[in-house]
Amino acid sequence: MYISPSPHTHAQGSVSRTMLNVIIALVPAYLASLYYFGIGALIVSLISIASCVLFEYLITKFLLKREPTISDCSAILTGLLLAFNLPSNLPWWIIILGAAFAIGIGKMAFGGLGCNPFNPALVGRVFLLISFPAEMTTWPRPIPFNLHYLDAETGATPLSYIKEIAGLDVDSTSSATAIKSATTAFESVPDYLHLLLGNIGGSMGEVCAIALIIGFIYLLCTKTITWHIPISILATVALFTWPLYAHNPIIMADPLTQIMTGGLLLGSIFMATDYATSPMTHWGQIIYGIGIGVITVVIRTWGNYPEGMSFAILIMNGITPLINHYVRPKQFSKL
């Protein structure tokens, strides 16, 4: 047993308690997904969670030859977050592939919990997005208590409509067809109330903004996370999208719409704040959050994908060691 020199601090928290707090914070958004997407959300979440737990157990037990660590609830949380980033009509075998990649490559390949440089759930999600782009961008329409799974009616996300508008030539010389298409797409963008309540298309866990905000408040009250990463991301996105929206409000969503769509709240609150993949200091977390916000806006505005939050978090996960190296806490006894 090794004991470091004083001073020491004692904390009442544990890994399992932290994971349970995050899971509890996700409950409102999960209930909203069950309401809007019905049986599809239930099936996707159960398959994702069960697969992540199973793969972690098998890898730990038979490949790493260690005592299984599924009791810390981290695999359950990874499975739930992966499900939150998936369409609720995704075929079961694709979900299992995503869970295998998230746990096997995103987590256990680096040694397990606390050693992974990238968020495992996002690793799985981006792997599926690149490998199965059609299935990963086919979004069921929100139908309360929907009893269908694979044959649900599909539609586009709010940011997909906005991206469609941006791709149309709607200047003064545009054809009547282009103008009509842009008008139709613009009218399809949900208003603030629908965005807040979740009556929109998208990944099953990202649609209900008010449920995610409730989870954020819970995490702050339990001191599971601090405000630095989420607020710096949201503020950066608002700051950078405001002049773009002011320049051309037809092809650019306003800052509030940007914040409540595309998984920005889900990523800011529950994904970017992962302890193992985010900076240790508050100033480092603010720099990290600003970087995520800037990259997200760049991808949404000029990239091929209408969203970009997942890629932004993974990119900044890779920069976290550099931030930790240059932004260090003040040592004890030093002025």
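Reader: Which helices each supply at least two residues of the lining of the second largest pocket?

Author: Happy to start there, with the reminder that this is a predicted model. Those helices are H11 and helix H14, the latter spanning residues 282-302. The pocket in question has a volume of about 270 Å³. Of its 13 lining residues, Thr273, Tyr275, Ser278, Pro279 and Gln285 are the closest to its centre.

Reader: How do the residues of that lining divide into nonpolar, polar and charged?

Author: There are 6 nonpolar, 6 polar and 1 charged in the lining of the second largest pocket.

Reader: Let's turn to His228, in helix H11 (residues 228-247). Why does His228 count as buried?

Author: Its relative accessibility is 8%, and buried means under 20%. The value falls under that cut-off, so His228 counts as buried.

Reader: What makes the pairing of the His228 and His282 side chains a polar contact?

Author: The distance given for the two side chains is 3.5 Å. A polar contact asks for a pair of N or O atoms within 3.5 Å, one able to donate a hydrogen and the other to accept it, and the pair is listed as such a contact. Setting aside neighbours within four places in sequence, His228 is in contact with His282, Gln285 and Ile286. As for Trp283, 55 residues from His228 along the chain, the two C-alpha atoms are separated by 8.1 Å.

Reader: And the largest pocket: what is its volume, and which residues lie nearest its centre?

Author: Its volume is about 430 Å³. The lining has 25 residues, and Met19, Leu77, Leu113, Asp274 and Tyr275 lie nearest the centre. Two or more lining residues come from each of helix H1 (15-37), helix H3 (74-84), helix H5 (120-131) and helix H13 (264-271). By type, the lining divides into 14 nonpolar, 9 polar and 2 charged.

Reader: What is Leu26 in contact with, beyond four places in sequence?

Author: Leu77, Leu80, Leu81, Phe84, Leu266 and Phe270.

Terms used: Residues numbered from 1 in each chain as written. Predicted model: local features only at pLDDT ≥ 70, side-chain atom pairs only at ≥ 80, totals over all residues. Heavy atoms only, no water. Helix = DSSP H or I, 4+ residues; strand = E, 2+ residues; numbered from the N terminus. Buried < 20%, exposed > 50% of the residue type's maximum accessible area, 1.4 Å probe, protein only. Contact = heavy atoms within 4.5 Å. 1 Å grid on protein atoms, 1.4 Å probe; cavity = no way out; pocket = protein on both sides within 12 Å on 5 of 7 lines; lining within 4 Å. Points joined across faces, edges and corners; volume = space filled by probe spheres on them. Nonpolar A, V, L, I, M, F, W, Y, C, P; charged D, E, K, R; others polar.
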